[in-house]
Amino acid sequence: MIRAFLVDDEEPARDRLRRLLAEVPGITVVGEASDGEEALREIPRLAPDLVFLDIQMPGRTGMDVAATLPPPRPRIIFCTAFDHYAVQAFENHAVDYLLKPLNRDRLTGAVERIRAQVESRERLHSEMATASETQARLFPASLPAGANLEVSGACRAAREVGGDYYDFIPLGEGKIALAVGDVSGKGLFAGLLMAGLQGRLQSLSRRYPENLTGLFDELNRAMHAITGSNRYATLFYGVFDEATRRVTYVNAGHPSPLWLHGDPLIPTTTLDPSGPVVGLLPEARFEQITIQLASGDHLLIFSDGLIETRGIEGVELGAGRVEAVARQSLEDTTDGMRDRILEEAEEFRDGEELEDDVTLVVVRVR
C-alpha cells in the first residue's frame with residue numbers, strides 16, 4: 001500500500017485528486033495540507049511514500065517545499081496548471097509532473113510507476129537484510145577455549161553488508177589463528193569478497209599452520225585472480241601457540257595492532273605491516289614475525305574504521321585514545337574491554353552515522 005499526502009491551497013483541487021486516487025487500487029491518502037508551511041510540518045511527521053504537490057501557493061511554493069524537505073525524502077509528483085515549471089521540478093527530484101485538470105489515466109500510470117519503484121526498493125531491502133543476516137553467521141559463533149588465552153571480537157557494519165572480517169580458527173595441537181581483515185570498498189560487493197577471503201583463509205590456515213609466508217603467497221595470488229587490479233584487502237593474521245605463548249603473524253597492510261604489555265614499565269608495542277595488502281600485487285612478498293607474549297599482555301587488533309572514527313569536529317578517534325580506554329580496562333574481561341572501546345567510539349561519533357565498518361578483536365594472555 002502506497003501512503004500518499006496531498007498539498008494544494010485549493011480545496012476543490014484536493015477533493016478531485018482524492019476522488020481520483022480512490023479509484024486507484026493500492027494507494028491511501030494519509031494526510032493533506034493547504035499550504036507549504038503545513039506541508040513541511042506534516043510530511044516529516046507522517047512519512048508518506050508519495051506527495052502530490054501543487055506549485056503556486058501562498059507563502060512557500062511547492063518548489064520551496066520540495067527543496068526544503070529533510071531526508072528521508074518521499075517521492076514527489078508535482079500537480080500544477082503551468083507547464084513552464086517542469087525543468088525546475090525535476091531539478092528538485094520530482095518523479096513526475098502532472099498538468100491540471102488531472103487526467104485519470106495519466107494519474108493512474110504515474111502511480112503504477114511509483115508502485116513498481118516501491119516494490120523494487122522493498123525487494124532490495126529484503127535481499128540486503130538476508131545478506132546481512134547471512135554475513136553475521138560467518139563470524140565465529142563461539143570463542144576458542146584455551147588455558148592461556150581469552151579473546152573477544154565484534155564487527156559493526158556501516159551498511160547492511162560490510163567488508164570487515166574477523167575469525168578465530170582452531171588449528172589443533174594448542175594453536176589458534178586470529179584474523180582481522182578489511183576488504184576495500186563497502187556494500188554487497190565488499191561483503192562477497194570478504195566471504196571469499198574468509199573461506200580461502202580457513203582452508204589455507206590448516207595447510208600452512210606454521211608457514212605463514214607460504215599461506216599469504218597463495219592467498220594473495222588467489223585474491224588477485226578474483227579481484228582484478230582495483231580491489232584488495234588488508235589482513236592481520238597471527239597464530240597463537242598455547243604451549244609457548246608465542247604469536248607468529250603477518251600484517252598485510254593492516255592498521256598496526258597494539259601490544260599492551262602486562263609489565264607497566266614496558267611501553268606499548270605496535271605490530272607494524274610486514275607486507276603489502278592482499279590481492280593487489282600478484283607477486284607480493286610477506287614476512288612472518290614471531291613475538292613472545294607474557295601473562296597479562298593484551299593485543300588489540302582493529303580495522304581502520306575504529307581509529308578513523310570521526311568526532312563532530314572532524315577529528316579522528318586515533319589509536320592513542322583506543323589504547324587509553326584499554327588501559328583503563330586492564331582488570332576487565334576481554335568482552336568488557338571490547339565493549340568499553342566500542343562505546344568510546346560511539347560516544348566520540350556523537351550520533352553521526354558510521355562512515356566505515358568497525359571491527360575490534362581483544363586478546364588477553366593468561
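This is a predicted model: local features need pLDDT of at least 70, side-chain atom pairs count only at pLDDT 80 or more; totals for chains, interfaces and linings use all residues.

Reader: Fine. What volume does the largest pocket have?

Author: About 240 Å³. A pocket here is an open set of points on a 1 Å grid over the protein atoms alone, where a 1.4 Å probe fits, with protein on both sides within 12 Å along at least five of seven lines. The volume is the space filled by probe spheres set on the points, which are joined across faces, edges and corners.

Reader: And which residues lie nearest its centre?

Author: Ala47, Pro48, Pro72, Arg73 and Pro74, out of 13 lining residues (those with an atom within 4 Å of a point). By class, that lining has nine nonpolar, no polar and four charged residues. Nonpolar is Ala, Val, Leu, Ile, Met, Phe, Trp, Tyr, Cys and Pro, charged is Asp, Glu, Lys and Arg, and the others, Gly among them, are polar.

Reader: How is the lining of the second largest pocket made up by class?

Author: Two nonpolar, three polar and nine charged residues. Its volume is about 200 Å³, and Glu308, Thr309, Arg310, Glu355 and Asp356 lie nearest the centre.

Reader: Back to Ala47, what's its phi?

Author: Positive, about 50°, although Ala47 is not a glycine. Ala47 sits in the loop between helix H2 (36–46) and strand S3 (50–53). Helices (H or I, at least four residues) and strands (E, at least two) are DSSP runs numbered from the N terminus.

Reader: Which residue does a cis peptide bond join to Pro72?

Author: Pro71, with omega about 0°. Pro72 is in the loop between helix H3 (62–68) and strand S4 (75–80). Another cis peptide bond joins Lys100 and Pro101, with omega about -5°.

Reader: Switching topic, which residues of H9 meet H10?

Author: Arg321, Val322, Val325 and Ala326, and in H10 the partners include Met337 and Phe348 (contact means heavy atoms within 4.5 Å).

How values were computed
Residues are numbered from 1 along each chain as its sequence is written. Side-chain values use heavy atoms; hydrogens and water are left out.
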